[in-house]
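This report describes selected features of a predicted model. Please keep the sequence and the structure in view while reading.

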Amino acid sequence: MWEEIVTLCVELRLGVIRRFIVLFSVLIAAATGMAQAGASPAERALLRMANQFRAEHGVAPLAWDSALARAARVHARRIAAAPEDLEHQYPGEADVITRASREGALFAAIAENLAGRGQNPAQLHQGWVNSPVHRTNLLNPKMNAVGIGVVERQGLLYAVEDFAQTVAAPKQAAIESQVIAALQKAGIASARMTRAARLNCDSQSDTAEGALLVVHWEGPNPGQLPEALVQQMSRAAYHSAAVGACPGSQPGQGFTTYRVAVLLY
């Protein structure tokens, strides 16, 4: 019976710890049958049920993400080894963001459902459906991918669903083009000195030859200029800018960000 599955539920997004019967959920913030290589029958069943549930509520299906699945299986093995004490992060273990990024996932948001002591995949899924927090993760329209890990221990199933809003790795030139377009809308022409700006981005130097001002920032939206830069441009008569992009300063954190240097002339 489902009532036999007793665990905790921790919702970190709201900054409070709540106790529930069964399961966990934490929210940090597409073809369903594609690329499921290595997925077990139980994992495939949970994916199928998740997407059927989303379809019933008018939500687009989740694509299978192998990187997320690898991360989910790693954690599923941990919870199966400690069935009386399910956690989203055990002592000495990385958090869900780091686990997913280490496996190669790129995302703008990530969420996780856990369950234990299930007799079959349908029972695990129904438990998530019956829990408001887990149900929210299942039906979140911003999430477009999922990786699922299921481990069996003494005849019972332990499962992890890692959901994500996946994004493509940004291209350097594409990022620079978006920043240049935003600057042009603000009346600043392109100085066409990309190489100098890229070198400055890499070095994180506050000065550049001939530049009146150097501004650096890091974030996920290349088309949105930071407020500090907008204010600086309003205070002085800059006529052109060179833009260079480089990798973010926190590689491996999973969230797809970029660093930009703008040299104002």
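## The sheet and the helix on it

In this predicted model, Ala189 stands opposite Ser240, a residue of strand 10. Two bridges connect strand 8 with strand 10, which covers residues 240–247, and the two strands run parallel.

These strands belong to an open sheet of four strands with mixed pairing, ordered 8-10-11-9. Strand 8 (189–190) and strand 9 (213–219) stand at the edges and have a single partner strand each, so one side of each is left without a neighbour in the sheet. Helix 7 (residues 194–203) packs on the sheet, where it touches strand 9, strand 10 and strand 11 (258–264), and its direction makes about 50° with that of strand 10.

## The disulfide

A search of the whole structure finds one disulfide, formed by Cys201 and Cys246, whose sulfur atoms lie 2.0 Å apart. The pair links distant parts of the chain, since Cys201 is in helix 7 and Cys246 is in strand 10, 45 residues apart. The link between Cys201 and Cys246 is left-handed, with -70° about the S-S bond, and both Cys201 and Cys246 are buried.

## Packing of helix 4 and helix 5

Helix 4 (residues 121–130) packs with helix 5 (residues 132–139) at an angle of about 100°, and their axes are 5 Å apart. That angle makes helix 4 roughly perpendicular to helix 5.

On the side of helix 4, the contact involves His125, Trp128, Val129 and Asn130, which meet Pro132, His134, Arg135 and Leu138 of helix 5.

Key
Residues are numbered from 1 along each chain as its sequence is written. This is a predicted model: local features need pLDDT of at least 70, side-chain atom pairs count only at pLDDT 80 or more; totals for chains, interfaces and linings use all residues. Side-chain values use heavy atoms; hydrogens and water are left out. Two strands pair if DSSP finds at least two bridges between them. Contact means heavy atoms within 4.5 Å. Axes are lines fitted to C-alpha atoms, for helices over the stretch in contact, and angles run from 0 to 180 degrees between N-to-C directions. Angles under 35 degrees count as roughly parallel, over 145 as roughly antiparallel, 65 to 115 as roughly perpendicular and the rest as oblique. A disulfide is a pair of cysteine sulfur atoms within 2.5 Å. Buried means under 20% relative accessible area, exposed over 50%, partly exposed in between (1.4 Å probe, protein chains only).
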